[in-house]
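Here are my notes on the model, point by point. Please read them with the structure open.

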Protein chains: 2
Amino acid sequence: MAVYTDIDDATLSALLTEYDLGPPLAFKGIAEGVENSNFLLETPRGRYILTVFEKRAKKEDLPFFMGMMGHLASKGFPAPLPVPARDGNPLRTVHGKPAVICTFLQGMSPRRPDINQCRALGQALGRFHVSLSDFRLRRPNDLSLASWPVMFAGREAEADALSPGLSALVQGDLDFLKANWPKTLPGGAIHADLFPDNTFFLDGKLSGVIDFYFACSDFLAYDIAVCLNAWCFERRGEYNLTKGRALISSYETVRRLEPRERTALPVLARGAAMRFFLTRLVDLVATPKDALVKPHNPLDYAERLGFHRQAKSPEDYGA
Amino acid sequence: MAVYTDIDDATLSALLTEYDLGPPLAFKGIAEGVENSNFLLETPRGRYILTVFEKRAKKEDLPFFMGMMGHLASKGFPAPLPVPARDGNPLRTVHGKPAVICTFLQGMSPRRPDINQCRALGQALGRFHVSLSDFRLRRPNDLSLASWPVMFAGREAEADALSPGLSALVQGDLDFLKANWPKTLPGGAIHADLFPDNTFFLDGKLSGVIDFYFACSDFLAYDIAVCLNAWCFERRGEYNLTKGRALISSYETVRRLEPRERTALPVLARGAAMRFFLTRLVDLVATPKDALVKPHNPLDYAERLGFHRQAKSPEDYGA
């Protein structure tokens, strides 16, 4: 839930004079996304989402995100399309912060994705990667291997407070990841945060993918590893192999994995779990106890790390 | 901003089986209302607002609110209509809490109402009272005269921390109100919280009134007094007499004030300012400093009390 920036009717009307969308008919702050402020906007032309980028968003990254969304939409992928203002640029400024108006996508986010949704997601991720194969912009993944020891430094006691002995296990994972992280794999533009709440489904079909603000350039298979973590675990770190198989095999109906990508899946999955464990650990400590935004529990990802530590082969993931 | 209850896709689908609205096409938590959780819901039948009543709402009051909204909508007043489920009752239960689905109203809430909006509001308030003249349900106003000394008890130091000497002034106001509060005036169903953010405007016309959850039975003129406080002050407790005149005179195009109501306006306005000063003072102390919901500043209403203390006659309000 996040509406950090307050936009009144006069500010909105002034913003809309820069567009050809007509006057506002309705406008409501919505609880979508954690990093930015989002508003549902209705005009005579249709419905839109206004996003105001808050402090965590780097201004120099925004053309990458806008370009990616526009590229995807132009290929028929169900991503929101940044609406250009009358000067052709979709990026505006509201209360001194960057802002964009995107098209609205229908659909519901699944809380507990079923096997059909995992299958649909795998195929959509394949289409996502293939659609972006000719996307030219680059943005490094600043939440990958090099950042993890930095994020964990000084947080050993917090980890052990969550679960006794956890810090030693995490340190072992960090050493393993550093020694075994792939040097080269097929790369390109990835979503990097394709959780169920960043997808919409309608009539059992994937109708939308949103929240591109962690997207970056990295190994394509790392994106699969993120999705295996986000879509294929049950409670208490139990991996649902059937869902994993469905996700990977439907991905491969669109883009075949190379043998080296398949081989790398276990270490990539362990790294993806580490990334979400660490950002959640950081957020847990940074969020006041009585704040209304409830931070995600890092333990969910500590439990997934436990599974990855035991996994021996791509077959353990359904590949 | 408020989404206290988390509703996932499975819970929503289960709820919608009790209605004839079709399956959900979109669903988003929205930042509307402070007391309850609100969601924008879209189905093939149209758009709706789902409200889940949180702990401050008393279950036994809900039929009064539902009845009032239905009564208003049936008279063509732009209030949300509670949608009956298949069993005829609009009240449902979600996660053990009462919930209702109402029709969606277009429009934008004014942050700083202009004179035309004050005029439109006055007329709408008149229509509101007249439309409800044959509404049979009753609900006492539990935030009126008797509650104010109780709310203020023990908060003298907090008031003085806001502004040195404030507690003595407030105590004087409470004594004055107790001695001068009207015994009888024309009464009926009132909104009791008709602030600009509970109204929508479209093309300069009032298109909706929402948030009936402080509505109760009280003096009709008290509702005008609430609106004079909420719509006709500029910064620093400066009363805009032109706006006050516009609001009252347009109200009277629909329902003529009796002489005794006009005479009572100054004391009613002082009481209305006291009510909002006190609930804001209580909320200020109850809200943790780092919570995302920013409490309203009680000083705005302490300043309005300052104006009311000086006011001598209905003419000072534009009546």
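**Notes on the predicted model**

1. Start with a residue towards the end of a helix list. Val285(A) is exposed, because 11 other C-beta atoms lie within 10 Å. Val285(A) belongs to helix 9 of chain A, residues 259-286. Arg155(A) is 130 residues away from Val285(A) in sequence, yet the two C-alpha atoms are 9.4 Å apart in space. Bear in mind throughout that this is a predicted model.

2. Now the whole of chain A. Its secondary structure comes to 10 helices and 9 strands. The C-alpha atoms fill a box of roughly 60 × 45 × 35 Å along the principal axes. For 319 residues, a compact globule would have a radius of gyration near 20 Å; chain A has 20 Å, so the two agree. Of the 319 residues, 42% count as buried. Take the contacts in chain A with a separation of 6 or more: residues 24 or more positions apart account for 72% of them.

3. Chain A is divided into two parts: domain 1 covers 9-103 and domain 2 covers 115-317. Their C-alpha centres lie 27 Å apart.

4. Helix 2 of chain A deserves a look. It has 13 residues, 62-74, and at 1.5 Å a residue it should span 18 Å. Its end C-alpha atoms are 18 Å apart, which agrees. Which residues of helix 2 of chain A are buried? They are Phe64(A), Phe65(A), Met66(A), Met68(A), Met69(A) and Leu72(A). The cover over these buried residues includes strand 5 (97-103), helix 3 (115-131) and strand 6 (187-190) of chain A. After helix 2 of chain A comes Gly76(A), with a positive phi near 85°.

5. Phe65(A) turns up again in the contacts of Tyr213(A). Not counting residues up to four places away in sequence, Tyr213(A) touches Glu35(A), Asn36(A), Ala57(A) and Phe65(A). Tyr213(A) sits in the loop between strand 8 (205-209) and strand 9 (216-219) of chain A. Val282(A) is 69 residues from Tyr213(A) along the chain, and their C-alpha atoms are separated by 18 Å.

6. Check two backbone angles in chain A. His95(A) has a phi near 50°, a positive value in a residue other than glycine. Ala192(A) also has a positive phi, near 75°, and is likewise a residue other than glycine. His95(A) is found in the loop between strand 4 (92-94) and strand 5 of chain A. Ala192(A) lies in the loop between strand 6 and strand 7 (199-202) of chain A. Their surroundings need separate reading. His95(A) is exposed, because 11 other C-beta atoms lie within 10 Å. Ala192(A) is buried, because 21 other C-beta atoms lie within 10 Å.

7. Turn to chain B for a hairpin. Strand 7 (residues 199-202) and strand 8 (residues 205-209) of chain B run antiparallel and are joined by 4 bridges. Leu202(B) has Lys205(B) in strand 8 of chain B as its bridge partner. The hairpin has 2 residues between its strands. Asp203(B) is in the turn, with a positive phi of about 55°.

8. Last, a glycine in chain B. Gly126(B) lies in helix 3 of chain B, residues 115-131. Why does Gly126(B) count as buried? The reason is its 22 C-beta neighbours inside 10 Å. Not counting residues up to four places away in sequence, Gly126(B) touches Tyr251(B), Thr253(B), Val254(B) and Arg255(B). Ile224(B) is 98 residues from Gly126(B) in sequence; C-alpha to C-alpha, the two are 9.1 Å apart in space.

Definitions and conventions:
Residues numbered from 1 in each chain as written. Chains lettered and ligands numbered in written order. Predicted model: local features only at pLDDT ≥ 70, side-chain atom pairs only at ≥ 80, totals over all residues. Pairing = 2+ DSSP bridges. Domains from an automatic or database assignment. Expected span 1.5 Å × (residues − 1). Buried ≥ 20, exposed ≤ 12 C-beta atoms within 10 Å, placed from the backbone. Contact = placed C-beta atoms within 7 Å. Rg over C-alpha atoms; globule rule 2.2 N^0.38 Å.
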